[in-house]
Every structure is written in C-alpha cells, then in structure tokens.
Amino acid sequence: MSDLQAISLAILQGVSELFPVSSLGHTILVPALLHWSVNRRDPTFLAFVVVLHLGTAIALVVFYRREWVALVRALVRSIMRGRLSDERDERIAWLLVVGSIPVGILGVYLESPVRNLLGSAAYASIFLMINALIMFVGEFFRKRQHEDRGKRYKRLEAMKWIEGVAVGLAQSLALLPGISRSGASIVAGLAVDLDHEDAARYSFLLATPVIGAAALIELPRLWEGGTHVIALQALYGGILAGIAAYLSVAFLTKYFQRNDLRPFGWYCLVFGALCLWLSYKGVIS
Amino acid sequence: MKYVALVIAIVCFVIAICYALGVIGWFADPAHKHHVSHFVLFAVLGILALVWMRFAGERATP
C-alpha cells in the first residue's frame, strides 16, 4: 500500500465511520473503483485498519469527553449504590451498556463469517442501496408520526431498556458491508421516537465502546510477524482517521439539529447503483 | 434473581477462561489458538452479571 493510498483510506475511514454511509462498504468499493491492489485479508492491512478504528474511537471520546466523564461517574455511582436511580446520566450510561451487548455478541460471532461471505463489491453495492432504503423508510415513518400526526419526541433518557437494546441490535446490521452503523442506529432511534439530534448522539456514544473495544482486541496484530513495517503508515493513518472522525462528528451533531437522513440516503442509492452496474459490467470486483 | 445472576456470571467466566486457554473454540477462527475477542466478550458479560447480582441483592433488602 502506497503512502497516498494509506492517507486516502485513513480519511475515508474516519469520515465514513460516522456519516451514515457505511465505512466497511466504502473501504471495499473505493479501492475496487480505483483498482488498488489492497488485500483485505493481509495481516498488515488488518493491522492498519485496527489503528484507523482506534483513531476514530479516540476522536469520539475526545469529542464527547465531558459527557463520557459524567456517564462513567454515574455508572460507578450506581454500582457503588447497588441501585438504579432516575438520574439522567445514570440512565443514559446504562442504556449504552444494554445497547452494546447485542452488537458485542453478534460482532464477535458473525463478523468474520459475514465478511468472508459478503465481502465482494457487488454485495457491498446492494447493501449500500438497502442502507438508503432503511434511511428513507425511517424518515417516512418519522415524518408521518411526528410531523403529520403531531406525536411528541422523546428525550434520550426517557428511552425504555428494551428500546435501548433494539437500537443496539439495529447497530449490528452494520456487520453487513454497505449497511451503516450510524445510519441503522439513528433510524432505530427515530423509530423509538427520538429526534434526530438525540438519535445521532446516542448512535455516536454507542459507537465509541464498540469501535474502541474491537480495535483494542485486535491491537496485538500490530506486533504479529512482519506487520511492524507498516507502523509509520498506521501511526499517521490513525491520526488522520481521528482528525477526520472528529471533524465529521462535529459537523454531524450540528447537521442533525435541523436536517435529516435523506441526503445520505440519496448518496448511498446513487453510489450503490453505480457500483453495482460497474460490478455487473466487470469493471470492479 | 441474585443467584441466577451469580450462576450466569460463573458460567460466563468459565467460558471466558476456556476460550482464553484454547480449551474450546466454538464458532471461533480455527487459525488462532487463543480466542481473545471471545474471552473479552464472556469476561465482560460475567462482570455485567455480577453488577446485575449486586442490583438484585440490594432490591431484596431495602
């Protein structure tokens, strides 16, 4: 992998991990479109990807640092007390814990087989279009419930436990290359009556432990035989991915105060259709 | 509920140790002997079961 490819992949990963457009889908489709000879099963490439994820997770922790400090304190307080209270931070902290369980279990058991089975450009293109449909359907029902029928939005801390698990479960759809983690969890958040701002905030908070833990678990790969040669690329790749992720989350938190998912849906639909056509023509594989 | 949580915690820790030592490899990549991600998953689930046990225990004695 050349330096230019490493820089491009790092920025692509940092941006597409948080924008609801599927980072996994893009890291399959973009190298295929540009005819980069990237072997996705090569240990050096896997190690590189691990560091990009770590950079993204650190960026999320830095962006939500005050919130994370409050959430961890609330979590520890409730454990020490041995009882759950109705305090806002405590409720959100435990919602994040229960929401992370499904994706943790499914991720450990299904990630590798799903990636091996569906890791081609054609599948990624199809799932990218399905990702678009998920966002359009989510927006359609949100509009019907809240704008046409006047149903009020729910605050994040008012979410029920089962709803927290459901949003976490939706996040697991991102195991399919082309389905966006943030897109699926924001749509699930909208389905349980959160507004865009709270759904996005819950999605980004929920992503942090999952991305961070997945990266930390895979970190020993960096020291596996021969992979140390990409240490420099991984280092600046991780930093670039982190900067891109920080800027993305800063933009998206402002964006979702007034806007919805539809522009991302149109992008996924058009890009997915284009890649599927190119795949059918044999231009990409 | 307290004892159910305790049993779940013990089962999770035993499975976690078995994955770590490579005694079991259920649905794990056969290329690796020690399944770190499976170990971490069951260790975390075990800790959460212990937290559940603590919450359940407190509720029983107000």
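This is a predicted model: local features need pLDDT of at least 70, side-chain atom pairs count only at pLDDT 80 or more; totals for chains, interfaces and linings use all residues.
Reader: Why is Ser22(A) called buried?

Author: Ser22(A) has 29 C-beta neighbours inside 10 Å. The cut-off for buried is 20 or more, so Ser22(A) counts as buried.

Reader: And where is Ser22(A) found?

Author: Ser22(A) is in the loop between helix 1 (3-18) and helix 2 (23-33) of chain A. Its phi is positive, about 70°, although Ser22(A) is not a glycine. That is worth a look, because most residues other than glycine have a negative phi.

Reader: What makes Asp193(A) partly exposed?

Author: Asp193(A) has 19 other C-beta atoms within 10 Å. Buried needs 20 or more and exposed needs 12 or fewer, so Asp193(A) falls in between and is called partly exposed. Asp193(A) also has a positive phi, of about 75°, and sits in the loop between helix 8 (181-191) and helix 9 (196-218) of chain A.

Reader: How do you know that helix 8 of chain A is mostly covered?

Author: Ten of the eleven residues in helix 8 of chain A are buried, including Arg181(A), Ala184(A) and Val187(A). Among the elements covering them are helix 1, helix 7 (161-171) and helix 11 (262-280) of chain A.

Reader: Which residues have the most contacts inside the largest nonpolar core?

Author: They are Leu60(A), Ala184(A), Val187(A) and Val249(A), in a core of 77 residues. Leaving aside neighbours within four places in sequence, Val249(A) is in contact with Leu18(A), Ala59(A), Leu60(A), Phe63(A) and Phe204(A). Another core, of nine residues, lies apart from the 77-residue one; among its members are Val108(A) and Cys12(B).

Note on methods: Residues are numbered from 1 along each chain as its sequence is written. Chains are lettered from A and ligands numbered from 1 in the order in which they are written. Helices (H or I, at least four residues) and strands (E, at least two) are DSSP runs, numbered from the N terminus. A nonpolar core is a set of buried Ala, Val, Leu, Ile, Met, Phe, Trp, Tyr and Cys residues joined through C-beta atoms within 7 Å. Two residues are in contact if their C-beta atoms, placed from the backbone, lie within 7 Å.
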